[in-house]
Amino acid sequence: MTELSLYEEAMCCSTGVCGPDPDDELVEVSAALDQLEAEFEDVDISRANMQHNIDQFLETESISDLVEEHGPSILPITVVDDEIVGKSEYLSYDELAAALETATPTQEA
């Protein structure tokens, strides 16, 4: 199973899509992740933000090291199967799909 993990800055809720005026970029990311989850059967998608999931940051050495070295400005960090595929900005749906297609082994008929 392919794993896509998104490490994000501290937000009020797990997705940042809450309140009367949610950030449009976060709405797009949430929609893209939902669409990817529906399209890719063998993909496990998780999100961690510094406020609600600090243990995930601390337990993942590569993420912890990057945040310690660069501060929270390095976030968001996108990881596919333990490989960092994006830093400092959210990837588009197309970029995420391409990273998953590269990581997902082709199934033979």
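Q: Which residue is the bridge partner of valine 80 in strand 4?
A: Glutamate 83. This is a predicted model, where local features need pLDDT of at least 70, side-chain atom pairs count only at pLDDT 80 or more, and totals for chains, interfaces and linings use all residues. Residues are numbered from 1 along each chain as its sequence is written, and side-chain values use heavy atoms, with hydrogens and water left out.

Q: How many bridges pair strand 3 and strand 4?
A: Four, in the antiparallel sense. Two strands pair if DSSP finds at least two bridges between them. Strands (E, at least two residues) and helices (H or I, at least four) are DSSP runs, numbered from the N terminus.

Q: And what does aspartate 81 do in that hairpin?
A: Aspartate 81 takes a positive phi near 50°. The hairpin has two residues between the strands.

Q: Why the two directions?
A: In a regular strand, side chains alternate between the two faces of the sheet.

Q: What stands opposite threonine 78?
A: Leucine 6. Strand 1 runs antiparallel to strand 3, joined by four bridges.

Q: Switching to helices: at what angle do helix 1 and helix 4 pack?
A: About 35°, with the axes 10 Å apart. Axes are lines fitted to C-alpha atoms over the stretch in contact, and angles run from 0 to 180 degrees between N-to-C directions.

Q: Which residues make the contact?
A: Helix 1 gives Ala32, Leu33, Gln35, Leu36 and Glu39; helix 4 gives Tyr93, Leu96, Ala97 and Leu100. Contact means heavy atoms within 4.5 Å.
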